[in-house]
Amino acid sequence: MISMSAKSILIKTTKVLSWTFVVLVVIGLIILTKVDRSPIEDQAFYKETLESLDQSTFSNSQGEAWIAGWSSVNMTPAEPADLVGYAPRGKYEFVQDSSFVKALALSNGNTRIAWLNYELLIVHPHLAEQLQNAISEAKLPIDQVIFTATHTHSGMGGYMPGPMGELAFGGYDQGIVDLMVSSSLSALQNAIASQDTVSITYRKSDAGALVANRFVKDGPTDPFVRQLIFTKTSGDKATFLTYSAHATTMSTKFMGLSGDYPFYLTKDLEAGGFDFAMYAAGTVGSHRPLRPGNTPGMVERYAHQLDSTLNLRMTYFATVKNHRIKTGYLPISLREPHLRVSDNLRLRPWLFNYLLGETNAHLDITQIGNMLMIASSGELSGVFYEKWEKLAQSRGLNLIITTFNGGYIGYITPDELYDENFHEVREMNWYGPGNGKYFDEMVMAIIKKSSP
């Protein structure tokens, strides 16, 4: 027989377990909900965004010549900041590579655009807002600013507010943000002040031997380095280039501040025939570098291989002759946030919004002659690129796509991968099933709308 004391303990234990179960169920109901798998094309936001794009009018001007200038400004903090990329690692212990902001300003005499490029993981929406406000207050003569990042996973943090920023992305330091803003203004002012008449050429080089699909063995990739080359009448040259391999060549345990392979690639280019080189991450979703190693020396070697490829495996070359600039901005409406914890359960939107804050989903559209450039808030997979480029070429356009445009909404990958157990589609596909189709439709619509 059970003694009275043992029976009393059993009853108390049962009550505690029951109440614990009830509390866990209540917490689960408060923070979790089901994944919405309804077809994306049936959603009101999907139709509204595509209708908005169809009805929108791009700003459009014709000029007589191209005028461009460029500048780099060191924005390395005086004191170490937390490293951002891979997993939280704490503050960098030394500076392997100084961190720069780069500006490239272009005009046809009527419309003035500029690219701002950062050796950072992303350009966070809060940082983008601070930058836009500062540019406006400084009354800089710019009609469109396009943000880009190298996506280095060994760059500094300190510019991402909110709980998730504090937990995983180096927290928030107003001093670092102020440094980034002031450095950006200096770079823009210098770039504008140095503008001169330029010719613009476009070229494409096959670097497929240096990149691979992260998920599908021997799966499709976007293999090309795409470049714009600006040559002043003085002979000075600048290049803007993109590539699809993630900037993850440096070891995950490396504790130095580094721009990863994009830093060394631009350094190689500037040691060669260019006075200025700006690397903007392309369609890096699903793509990894085929690196020879993960030490600084091996990272430099990978950059040297890419640099050699640009000279040896050029597959296309063209001159941008028509001095027309078109610019557009497309806000993107999305599903409720879908940060999943299992196949069919996700965090409720209020918790996602609390953790991550504003994501600023949009596309920036820039057309320079027959060069169509689309900057995305979604980390697009390069497996879409071949289809988009073929459509663009069939309509007389050359296409360059960049990411990290001052908004960030996670990965945009093929929809058939949504239920695979991959980091990109599990924890980082933030807005639910169907975004592959959604972005595919938007990009194709932009290409068709931009056609001569």
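Colleague: Which helices each supply at least two residues of the lining of the largest pocket?

Modeller: In this predicted model, they are α4 (163–168), α8 (349–356) and α10 (423–426). Helix α4 gives the most, with 3 residues.

Colleague: What makes a residue part of that lining?

Modeller: Lining residues have an atom within 4 Å of a point of the pocket. For the largest pocket, 34 residues line it, and L121, F169, H423, M428 and W430 lie nearest its centre. Its volume is about 690 Å³.

Colleague: How do the lining residues divide into nonpolar, polar and charged?

Modeller: There are 20 nonpolar, 9 polar and 5 charged residues in the lining of the largest pocket.

Colleague: Happy to move on. Why is T242 called buried?

Modeller: Buried means under 20% relative accessible area. T242 has a relative accessible area of 3%, so T242 is buried. This residue lies in strand β13 (residues 237–243). Leaving out residues up to four places away in sequence, T242 touches F224, V225, R226, Y279, A280, G282, I400, I401 and T402.

Colleague: Which residues of α11 are buried?

Modeller: They are N435, G436, Y438, F439, D440, M442, V443, M444, I446, I447 and S450.

Conventions. Residues numbered from 1 in each chain as written. Predicted model: local features only at pLDDT ≥ 70, side-chain atom pairs only at ≥ 80, totals over all residues. Heavy atoms only, no water. 1 Å grid on protein atoms, 1.4 Å probe; cavity = no way out; pocket = protein on both sides within 12 Å on 5 of 7 lines; lining within 4 Å. Points joined across faces, edges and corners; volume = space filled by probe spheres on them. Helix = DSSP H or I, 4+ residues; strand = E, 2+ residues; numbered from the N terminus. Nonpolar A, V, L, I, M, F, W, Y, C, P; charged D, E, K, R; others polar. Buried < 20%, exposed > 50% of the residue type's maximum accessible area, 1.4 Å probe, protein only. Contact = heavy atoms within 4.5 Å.
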